[in-house]
Amino acid sequence: MHPAFGPIRQLCYVVPDVHAAIRHWVDGPGVGPFYYIEDSPVTDFTYRGRPAPCPRVSIALAQQGPVQIELLQQHDDVPSVFRTFLDTVGHGLQHIAYWTEHFDDLMATALSRGYVEMQAGKSGRGRPDDRFAYLESGAHHGSMIEVSERGAEKRALFDAIARASVDWDGSDPVRTVEALRAELATHTDGAPA
């Protein structure tokens, strides 16, 4: 059977200390470089179907082969799927993500298969093609799935993170997403020099 959602594109680990988690992934399996965002911007945030205050989170992104590794630390007690996970499980793999250029279609497929939207919003600069949703199914309690819209800016950013991992020599293991965005803005094709 062909996967209805396509390939898994990201594994997200909710952690109590994002900097310690980065060190674990760099020093252990040698994953990197990580691109860090101190306060990940989110707009139009909803939790359990209602507008809600957005939790303050820091994230770090790196690539390992075809899968992106996301490390996420929530800094406050604002209700979210991350806070619920931390309070009930502790830390670990909180969600797997599917990326799509056809967000509405993939959401319709997920909802038709019994998934329920728990949290949603727009990431990055909050553009119309920056939507995401976290979904869970009553049939399986554990890690959630995320449907993440991969618009032009996110695609360029994620592609650059993937390129940086190819033949990475371990140098400069922690970089900033802001610096990467600035670098991408200087190139019309979205590819770093």
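Author: A salt bridge here is a side-chain nitrogen of Lys or Arg within 4 Å of a carboxyl oxygen of Asp or Glu. In this structure the side chains of Asp44 and Lys122 form such a bridge, with N to O at 3.3 Å. The two are 78 residues apart and link distant parts of the chain, Asp44 being in strand S3 (residues 42–47) and Lys122 in strand S8 (residues 115–123). Helices (H or I, at least four residues) and strands (E, at least two) are DSSP runs, numbered from the N terminus. This is a predicted model, in which local features need pLDDT of at least 70 and side-chain atom pairs count only at pLDDT 80 or more, while totals for chains, interfaces and linings use all residues. Residues are numbered from 1 along each chain as its sequence is written, and side-chain values use heavy atoms, with hydrogens and water left out.

Reader: How many salt bridges does a search of the whole structure find, and is Glu149 buried or exposed?

Author: The search of the whole structure finds 12 salt bridges. One of them joins Arg131 to Glu149, with the closest N and O atoms 2.8 Å apart. As for burial, buried means under 20% relative accessible area, exposed over 50%, and partly exposed in between (1.4 Å probe, protein chains only). Glu149 is buried, at a relative accessible area of 7%, whereas Arg131, at 22%, counts as partly exposed.

Reader: Which residue meets Arg181 in a salt bridge?

Author: The partner of Arg181 is Glu153, at 3.2 Å from N to O. Arg181 lies in helix H5 (residues 177–185) and Glu153 in helix H4, so this bridge ties together parts that are 28 residues apart in sequence.

Reader: What should I look for in the largest nonpolar core?

Author: A nonpolar core is a set of buried Ala, Val, Leu, Ile, Met, Phe, Trp, Tyr and Cys residues joined through side-chain atoms within 4.5 Å. The largest has 28 residues, and those with the most contacts inside it include Val81, Phe82 and Leu157. Helix H4 (residues 152–165) gives the most to this core, contributing five residues. Apart from it lies another core of 15 residues, among them Tyr13 and Phe34.

Reader: And which strand pairs with S7?

Author: Two strands pair if DSSP finds at least two bridges between them. Strand S1 (residues 10–14) pairs with S7 in the antiparallel sense over five bridges, and Cys12 has His95 in S7 as its bridge partner. Strand S7 (residues 92–100) is mostly covered, with eight of its nine residues buried.
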